[in-house]
Amino acid sequence: MLRVTGGTVYDPANGVDGLVQDLYIANGRIVDASAIADGARTIDATGMIVMPGGVDVHTHVAGGALNFARGLVPENQRAARKFLHRGDRRAGLGGMTPTTFATGYLYAGMGWTTVNEAAVPVLSARHTHEELHDIPLVDKTSLVLMANNEFVLDLLEAGEAERARHVVSWLVWAAKGYGIKAVNPGGVEAWKWGKNANTLHAPIEGYKTVTPAMIIEGLATIADDLQLPHPVHLHCNNLGVPGNFATTIETMNVLQGHRAHLAHLQFHAYGGDDWTTMRSESARVAEAFTANPTLTADAGAVLFGDAVTITADGPWQHLLYQLTGRKWGNLDVENETGCGIVPYVYKDRNLVNAVQWAVGLELLLLIDDPWRIFLTTDHPNGGCFWRYPEIIHMLMNAEFRREQVQQLPEKARQRIVLADLDREYTLSEVAIITSAGPARSLGLSRKGHLGVGADADITIYPSRPDHGFLFSYPRYVIKGGAIVVEEGDVREVVDGKEFIVRPACDERIEDYIRPLFEKVYTMSFANYPVEIERLRNPEVVVPEP
Amino acid sequence: MGGKITCTLGEVKNRADFIIYWGGNPAECHPRHFSKYTLTPKGKFVPEGRKGRTMVLVDIRETPSAKAADIFLQIRPGKDFEVATTLRALVKKQPVDPALVAETGLSVERLQDIVDRMKRARFGVIFFGMGVSMTRGKHMNSGAILSLTAEMNAFTKFVCMPMRGHGNVTGADVVLRWTTGYPFGVDLSRGYPRFNPGEFSTVDLLVRGDNDAALILGADPGATMPQPGIDHLARIPTIVLDPKVTHTSRLARVHITTAVTGVSAPGTSYRMDEIPLPLRPALKSPYPTDEEVIRRIRHAVAAKPAWTPAPSRMMAIA
């Protein structure tokens with residue numbers, strides 16, 4: 001049992017905006033004061049800021065692709081922050097592709113207590129869960145890659161919507177995932193013949209009728225019909241390409257009326273015709289986005305400096321390799337998806353990078369409703385998650401932002417609108433984009449708030465005048481009722497749990513999948529689904545049909 | 001430069017119409033490779049099976065694998081780097097010196113024919129073995145093949161894959177990467193992971209005699225390491241966990257018999273394409289699993305008092 005007294009609480013989900021309140025914790029949950037016995041430990045949070053633990057709606061922290069990246073960049077790992085073995089804290093490395101244990105220490109050390117691994121192939125999901133288990137201190141969810149799965153595409157081609165729904169449902173449970181991820185719908189499938197899908201309404205390589213728009217609409221419908229807690233999580237077509245804002249807006253039209261989450265919107269909001277004319281189109285994307293109230297998005301903001309780009313978007317990564325001439329990793333996964341990895345440096349003297357940097361911040365500032373846009377860097381694509389406090393600082397301080405813009409090349413300043421934006425985030429808005437909003441979008445009802453019954457995931461920051469940077473150094477972090485971080489240092493290591501979804505599914509669908517599987521895959525069908533026993537701390541969510 | 005362009009084995013089965021094996025003898029070393037993944041299966045987009053595929057073998061001698069190949073390129077020993085680099089040049093239509101190419105044992109015309117076929121392929125793949133990675137040039141040879149593969153993607157779909165073997169070596173590599181950030185040759189003596197092949201890799205530690213104890217799991221270095229390394233293992237306290245008697249267990253101080261993973265112990269094995277397969281034991285074993293033994297050793301070590309001397313004793317010594 002634990003009391004947190006005298007803190008200034010920001011709990012936007014419950015309408016609490018900077019009130020001095022006491023919190024009571026028992027059995028890992030927030031409880032009523034009456035449930036606490038005398039003599040329970042008390043944290044005196046007087047003068048401090050109390051918020052629900054951060055929730056990362058889109059990150060890449062585990063799985064075949066990230067582990068591939070770790071092996072690809074030992075030179076980055078050597079330069080990374082070291083984590084020394086100490087007590088129950090394991091050795092590891094920080095940096096751009098942190099080791100699993102270090103990932104937990106870094107997230108919790110910053111006050112984040114839930115993360116969503118955004119790209120899991122079913123074929124290697126068993127591996128992803130092994131890694132997720134080795135990330136301590138945070139709870140986890142994971143999304144299953146679907147938009148280039150040939151079983152699903154073949155059914156869409158045949159017009160068998162209902163069977164497609166059962167197959168998707170079966171695959172989510174087979175992977176022990178939490179929801180549906182769609183990456184460059186149709187484009188990754190085309191990449192398997194070295195092609196891409198650039199227009200939403202043209203049939204994709206190898207299919208007569210299936211278009212990216214059909215896949216997007218189909219998966220969004222399925223996610224809605226299955227009542228998944230998190231809607232389809234969409235990485236739009238034409239990521240990173242100048243002029244792609246039109247594709248993004250067209251995608252929103254395709255999605256009209258459906259729930260959907262648009263991932264790393266920054267990478268999808270560019271104007272211009274080529275790399276020399278590229279400019280920000282954040283205003284038009286923000287306007288279209290605001291007009292579609294069933295959508296949420298995360299920023300995918302870019303920070304200057306080193307990054308490693310990791311995405312299932314294979315064709316884009318081939319282009320990036322040709323542009324950079326640096327290392328390139330590619331891993332196509334049979335029947336399901338692909339993945340590409342290119343180490344990258346965002347430079348403030350580079351026109352394209354400067355526009356990217358501005359677009360991420362512009363979207364966060366132009367989209368008025370903080371409940372719909374969330375803080376991410378698409379870690380490690382736009383920058384590392386442990387640099388979130390830098391972004392928060394810029395969101396909270398317009399003057400500081402303008403100083404940064406002044407450092408950019410003149411050419412870049414003409415193509416962005418960041419300097420004209422006066423909005424400054426309040427602490428309550430920061431709590432929404434880092435915790436309450438993403439928790440609501442993920443459908444995690446016990447996360448992102450501090451009401452009675454919520455998981456006791458609480459971050460307590462010291463109050464300082466330069467509000468932005470305080471987020472890098474919490475005074476206390478409480479995870480499931482345990483005080484895991486004090487003064488920015490990990491004090492106790494607890495395991496997180498994994499939330500997995502079991503959507504409604506006609507069990508007979510297995511008889512349909514099995515013969516297809518045996519034809520195209522290279523392992524035994526019995527070895528394909530991840531056994532529930534593999535997950536060491538699962539919490540199964542069953543959506544109401 | 002560099003990187004790795006690869007795929008899972010099912011992609012090869014379903015799509016590959018042009019297959020190169022380089023510096024390996026899959027017919028004898030990976031006997032199911034042809035029939036499960038690469039040559040004979042009817043793939044989703046290669047419905048003709050073997051007839052729909054062309055196989056090239058590159059090696060220094062005519063092994064039994066050559067019988068399976070449509071084209072056999074016999075190259076001179078130690079010339080893998082030169083051949084791969086010539087192919088890279090021809091792919092990019094760069095001039096090459098026929099006299100230098102002749103030193104590899106092949107002609108420019110022969111290699112140009114291969115390049116033309118590679119470019120005509122819908123989906124090409126190069127599997128490279130230890131004849132590439134463990135001969136003169138070592139990682140430079142692998143690097144040349146990886147670069148060739150990456151550059152081929154400007155023309156058509158091309159991937160490559162190292163032909164890994166030795167039980168679950170891929171699994172060890174995968175787990176080390178997520179726990180330490182590095183695939184092998186990791187040193188934890190400073191309390192955090194450091195990586196330096198040549199310095200911290202097993203063979204180098206043993207040959208130099210740097211380590212003063214060894215715990216060996218799922219490997220038989222006594223059969224494969226250079227003699228000075230084997231001599232060192234015999235000199236120091238070596239502990240072996242193995243279901244059976246091996247060259248290493250014979251020279252070890254302690255041999256703990258363990259259950260056979262996959263037969264009488266459960267576990268996970270990674271294929272060469274890093275896809276994990278669950279192992280379900282068919283039998284029960286009277287012996288403990290490797291995992292159980294390691295866990296018990298770890299707990300026993302953790303229960304011991306810290307090895308650092310107490311301050312008072314240090315004073316006394318001073």
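Two domains are assigned to chain B: domain 1 (9-162) and domain 2 (169-302). The model is predicted. Taken over C-alpha atoms, the centres of domain 1 of chain B and domain 2 of chain B are separated by 33 Å. Along the principal axes, the C-alpha atoms of chain B fill a box of roughly 80 × 50 × 30 Å. Chain B holds 15 helices and 13 strands. It has 318 residues, and 38% of them count as buried. Among contacts in chain B with a separation of 6 or more, 57% link residues 24 or more positions apart.

The strands of chain B include an open sheet of three, in the order E9-E10-E11, with parallel pairing. Its edge strands are strand E9 (214-217) and strand E11 (254-257) of chain B. Each of these two pairs on one side only. On average, neighbouring strands of the sheet are turned by 15° against each other, direction ignored. Strand E10 (residues 238-242) of chain B is joined to E11(B) by four bridges, and the two run parallel. Within E11(B), the residue opposite B:Ile239 is B:Val254.

Antiparallel pairing is also present in chain B. Strand E12 (residues 267-270) of chain B pairs in this sense with strand E13 (residues 276-279) of chain B, over four bridges. B:Leu277 in E13(B) stands opposite B:Ser269. E12(B) and E13(B) form a hairpin, with five residues between them. In the turn, B:Glu274 has a positive phi of about 65°.

The largest nonpolar core contains 234 residues. Those that touch the most other members are A:Val50, A:Ile180, A:Leu219 and A:Leu363. Helix H12 (residues 351-366) of chain A gives the largest share of this core, ten residues. Domain 1 (9-162) and domain 2 (169-302) of chain B both give residues to the core, so it lies between them.

Notes. Residues are numbered from 1 along each chain as its sequence is written. Chains are lettered from A and ligands numbered from 1 in the order in which they are written. This is a predicted model: local features need pLDDT of at least 70, side-chain atom pairs count only at pLDDT 80 or more; totals for chains, interfaces and linings use all residues. A nonpolar core is a set of buried Ala, Val, Leu, Ile, Met, Phe, Trp, Tyr and Cys residues joined through C-beta atoms within 7 Å. A residue is buried if 20 or more other C-beta atoms lie within 10 Å of its own, exposed if 12 or fewer, and partly exposed in between; C-beta atoms are placed from the backbone. Domain bounds come from an automatic or database domain assignment. Two residues are in contact if their C-beta atoms, placed from the backbone, lie within 7 Å. Two strands pair if DSSP finds at least two bridges between them. Axes are lines fitted to C-alpha atoms, for helices over the stretch in contact, and angles run from 0 to 180 degrees between N-to-C directions.
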